[in-house]
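Subject: Handover of a structure and notes on it

Dear colleague,

I am passing on to you the structure shown below. Kindly look through it first, and then read the notes that follow.

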Amino acid sequence: MKNSISFRVWGRYALFTDPVTKTGGEKCSYHLPTYEAIKGVLKSIYWKPTLVWHVDKVRVIKPIRTQTKGTKPLVWGGGNSLAIYTFLHDVEYQVKAHFEWNTHRPELKKDRIDGKHFSIAKRMLEKGGRQDIFLGVRDCQAYVEPCSFGEGEGAYDTIDKLGFGLMFHGFDYPDETGKDELSSRFWNAVMRKGIIEFPRPEDCQVKRFLREMEAKPFGLDETLRPVAVEEARI
Amino acid sequence: MSWMSKLYETYEAALASELPDRDMLMPVSHTIQNTHVRIVVDEKGNFKRASVLEKTQIILPATEASAGRGAGEAPHALADKIHYVAGDYPDFGGKKKAYFPGFEQQLGDWCNSDFPHPKAIAVHAYIKKGQVVEDLIKASILHVDESNQLLQKWPHEVSEENPLPSIFRVLPKTAGRVEQGDALVSWSVEKPGNPDSQTWNDPDLQESWMEYDAMAPGANGLCYITGEEHKLAKSHPAKLRHSGDKAKLVSANDLSGFTFKGRFTDTKNTIAQRGSQAVGVGLEVTQKVHNALRWLISRQGYRNGDQVYVTWAVSGKKVPDPLADTITLMMAAPVFDLEKELSPQIDHGMDLGQQFALRFSNYLRGYHNYLEPNEQIVIMGLDSATPGRMGVIYYRELLASEFLDRIGQWHKQFAWPQRRTAEVANGKKKPGRKTIWPISTPVPRVIAEAAYGDVIKSNDTLKKSILERILPCIVDGQAFPRDILLSALRRAGNRNNCEKWEWERNLGVACALFKGFYMRHPDLTKRREYKMALEQDRHTRDYLYGRLLAIAERLEEVSLNAGGENRPTTAERLMQRFADRPYSTWRNIELGLQPYIQRLKRDRAGFLTNRNKELNAVFEAFEAEDFTRDTPLSGEFLLGYHCQKQFWFKQKSESEN
């Protein structure tokens with residue numbers, strides 16, 4: 001597919017928080033990464049407001065193991081409280097993703113130059129990402145490396161189908177949907193032979209409107225460096 | 001997440017099923033609480049009589065707010081404490097806040113709604129009179145002093161003829177004082193011609209309350225569990241582990257603390273209108289989920305302090321408990337012979353390990369037939385860091401066939417003769433106790449005790465974390481943690497840190513862990529299999545050294561016994577040193593054995609010959625350099641030691657039989 005990259009991301013811990021447990025503070029991780037978490041990894045590798053990353057497939061390499069840790073999270077009013085977080089331990093995923101132009105930002109049309117964004121993305125991937133990679137929460141540091149999707153053995157290659165129930169997919173932010181709303185999306189997660197094929201955000205059936213929100217404006221040459229200039233710098 | 005949807009499925013399956021204890025499954029809109037006083041009224045609302053109840057728990061109708069109530073005012077629907085139910089409570093000097101008007105209003109609304117019930121109407125008519133405390137005092141249930149104020153302590157002397165009134169016995173005490181307003185009143189409504197007068201188990205009454213409560217206003221929104229639009233819950237139930245448990249699995253009351261807010265802009269108003277932005281769970285869904293969890297925990301949960309682990313099949317069928325020990329598990333099988341199990345007949349065609357594996361497979365086959373192969377088994381672990389919140393610390397969904405396979409592997413790989421005491425019938429005298437060594441697998445609690453000793457007794461955190469690390473070995477088939485193994489081996493090699501019986505038990509546990517660890521070593525080249533009987537052809541250095549130690553100990557032991565002396569043998573005393581420097585310590589032991597060998601030549605020549613034969617066999621089996629090397633021994637020497645001792649023990653019990 002055009003503008004497609006594939007890489008492997010691995011880390012010692014991951015915490016893809018389940019919203020049901022998030023509000024109580026005793027965060028528990030989903031067993032699978034969410035679309036939004038992988039999109040976060042992609043955005044850390046390389047991102048400009050001109051593009052929207054789409055995650056095509058994620059493959060689980062290592063078996064799913066959880067580990068709980070007691071933590072002392074900070075309280076807004078000062079001091080600590082105690083909580084027990086359940087992380088995923090020793091994770092590795094292979095990801096295949098591509099980007100498309102963000103059609104809801106017509107002011108950045110001049111920035112949509114074929115090839116330049118893609119070459120920067122590939123170079124940043126080789127370097128391990130432009131910004132720090134993390135899995136779910138910022139505490140769970142991870143690393144990326146280019147690879148070809150599907151190589152090597154995975155822990156779940158032989159298992160035909162595993163269902164995980166209704167899972168959080170991602171947030172619909174106003175800059176990617178064109179509507180001044182924040183919504184959350186859900187999907188019925190299924191893993192076939194170790195591979196999770198995420199539906200496109202538009203195709204998610206279960207959505208929930210959360211609140212009004214406005215997109216952050218970007219002006220080419222004002223708050224956003226054009227890609228030609230960027231490529232020359234890197 | 002899946003655990004909530006699985007619990008929801010379990011609730012629905014349990015309701016629909018014919019399980020015998022499904023009556024314990026709580027209906028929606030009800031909560032469980034201890035009750036202290038029963039008041040019986042007639043259908044017109046006249047007081048008839050009252051009594052004090054001890055250790056009685058009932059299911060009572062409750063609103064969403066009152067089910068999870070803490071310090072504020074939140075009346076239950078029908079049965080509640082005296083300071084809610086009695087209009088005249090403040091007149092008698094009650095110290096707690098009088099919440100009667102709210103209670104009476106709520107009950108009245110229910111009675112005037114579309115779903116009234118005659119029993120509720122009768123109770124309402126009675127409490128409206130506002131005479132509850134007065135009637136209870138007249139019935140000698142509650143007690144007052146001379147100025148008609150409710151007593152906080154019983155002032156008179158307690159003796160055989162004047163016992164403490166029951167109300168002071170059943171109510172919880174704070175600082176020695178009892179607040180009589182804390183007594184929870186439950187009702188019975190007697191109507192001539194109607195034998196069923198109670199209100200806490202009446203399905204009609206429960207139905208009518210459920211329907212009324214469902215009509216209550218509330219925000220509608222997407223339920224994150226079912227994916228459909230439902231009336232959303234404002235608060236989630238507590239009381240999961242016991243009826244006084246305030247810890248909640250799902251809570252969303254921290255609007256100012258940034259526990260979760262971030263990009264969400266929830267305020268009290270927006271939550272009341274549209275539900276919280278962060279998460280939404282349907283009211284019915286959350287009640288069913290928590291009721292199912294509570295039922296499962298009370299029915300089949302394994303408790304370890306604050307932690308609870310519960311294993312269940314979604315269909316409600318019985319499943320083997322991953323944390324139970326082997327003998328208990330097999331006892332639950334339909335055809336089981338405890339006698340035969342504890343002293344198995346020796347089938348010389350198969351070795352002990354194979355026999356045990358066969359017996360355990362038979363036991364599991366019963367379960368394979370009983371459960372469908374694709375049935376979902378769920379294992380869940382809960383723990384709370386603070387008293388108000390609980391977290392899910394472990395969650396696995398497995399297919400029944402997978403689950404039974406993993407349990408089978410755990411029990412077979414980690415099986416070893418373990419020390420147990422059994423009662424032996426002794427004619428007319430009190431039954432004696434005999435030490436036996438049935439083959440079984442140590443449970444996590446015993447593993448923790450063997451690996452860490454007395455420290456465990458005072459250190460809850462350590463106990464919890466060990467259980468947490470061992471459970472994935474049982475359920476997920478993961479490799480056993482090496483540090484627990486090393487700790488157990490070290491403690492089993494030191495005979496002085498505990499009592500003799502404890503040391504013997506630790507030895508059994510350490511051998512079991514060593515054997516299991518190597519059977520499922522993550523590095524395939526390092527895997528080894530050990531038999532549970534003496535392996536004459538195993539020539540590894542550590543194993544042979546273990547056998548040497550056992551033979552030396554036996555020689556000296558028998559010699560001491562023959563002489564009537566009761567001293568620890570040289571081998572016993574030097575065991576730990578032997579583990580660190582076998583060759584040089586063996587010299588000491590051998591030299592120390594000489595006088596005892598002399599004695600045995602005189603008294604037990606035959607025995608001595610046999611032991612000498614064994615010694616020679618072991619010496620021959622050694623490779624030359626292995627014997628003279630003084631490097632520390634691994635846990636394998638314990639296996640050799642124990643197998644050799646078991647060999648003689650069996651010979652002895654065979655010859656006795």
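Two strands are said to pair if DSSP finds at least two bridges between them. Please keep in mind throughout that this is a predicted model.

With that definition, we may turn to a sheet in chain B. Four strands form an open sheet there, in the order β7-β8-β9-β10, and their pairing is antiparallel. The edges of the sheet are β7 (301-304) and β10 (389-399) of chain B, each of which pairs on one side only. From one strand to the next, the twist averages 15°. Within the sheet, β8 (residues 307-313) and β9 (residues 376-386) of chain B are joined by six bridges in the antiparallel sense. To find one such bridge, look at Ala313(B), whose partner in β9(B) is Ile377(B).

Two helices of chain B pack on this sheet. Helix α1 (residues 2-16) of chain B touches β8, β9 and β10 of chain B, and its direction makes about 70° with that of β10(B). Helix α14 (residues 400-413) of chain B also packs there, touching β8, β9 and β10 of chain B, with a direction at about 100° to that of β10(B).

The next topic is charge. Side chains of opposite charge can pair when their charged atoms come close. The count of salt bridges over all chains comes to 58.

Which parts of chain B does the pair Lys96(B) and Asp182(B) link? The closest N and O atoms of this salt bridge are 2.8 Å apart. Lys96(B) sits in the loop between α3 (82-85) and α4 (100-111) of chain B, whereas Asp182(B) sits in the loop between α7 (166-170) and β4 (184-190) of chain B; the two are 86 residues apart, and the pair thus links distant parts of the chain. Lys96(B) counts as partly exposed because its relative accessibility is 32%. Asp182(B) has a relative accessible area of 15%, and it is therefore buried, as the cut-off for that label is under 20%.

A second salt bridge joins the side chains of Asp483(B) and Arg469(B), at 2.6 Å from N to O. Asp483(B) belongs to helix α18 (residues 482-492) of chain B and Arg469(B) to helix α17 (residues 460-475) of chain B, so this pair ties together parts that are 14 residues apart in sequence. Asp483(B) is partly exposed at 37% relative accessibility, and Arg469(B) is partly exposed at 35%.

Asp603(B) has a relative accessibility of 46% and so counts as partly exposed, while Arg602(B), at 64%, counts as exposed. In chain A, salt bridges that share partners join Lys48(A), Arg130(A), Arg225(A) and Glu230(A) into one network.

Finally, some values describe chain B as a whole. Its secondary structure comes to 26 helices and 14 strands. The C-alpha trace of chain B spans about 100 × 65 × 50 Å along its principal axes. Its radius of gyration is 33 Å, whereas a compact globule of 657 residues would have one near 26 Å. Of the 657 residues of chain B, 54% count as buried. The accessible surface of chain B comes to about 30,500 Å², and 49% of this belongs to carbon and sulfur atoms.

With kind regards

Methods:
Residues numbered from 1 in each chain as written. Chains lettered and ligands numbered in written order. Predicted model: local features only at pLDDT ≥ 70, side-chain atom pairs only at ≥ 80, totals over all residues. Heavy atoms only, no water. Salt bridge = Lys/Arg side-chain N within 4 Å of Asp/Glu carboxyl O. Buried < 20%, exposed > 50% of the residue type's maximum accessible area, 1.4 Å probe, protein only. Axes fitted to C-alpha atoms, helices over the stretch in contact; angles between N-to-C directions. Contact = heavy atoms within 4.5 Å. Rg over C-alpha atoms; globule rule 2.2 N^0.38 Å. Areas by Shrake-Rupley, 256 points an atom, 1.4 Å probe, with all protein chains shown as cover.
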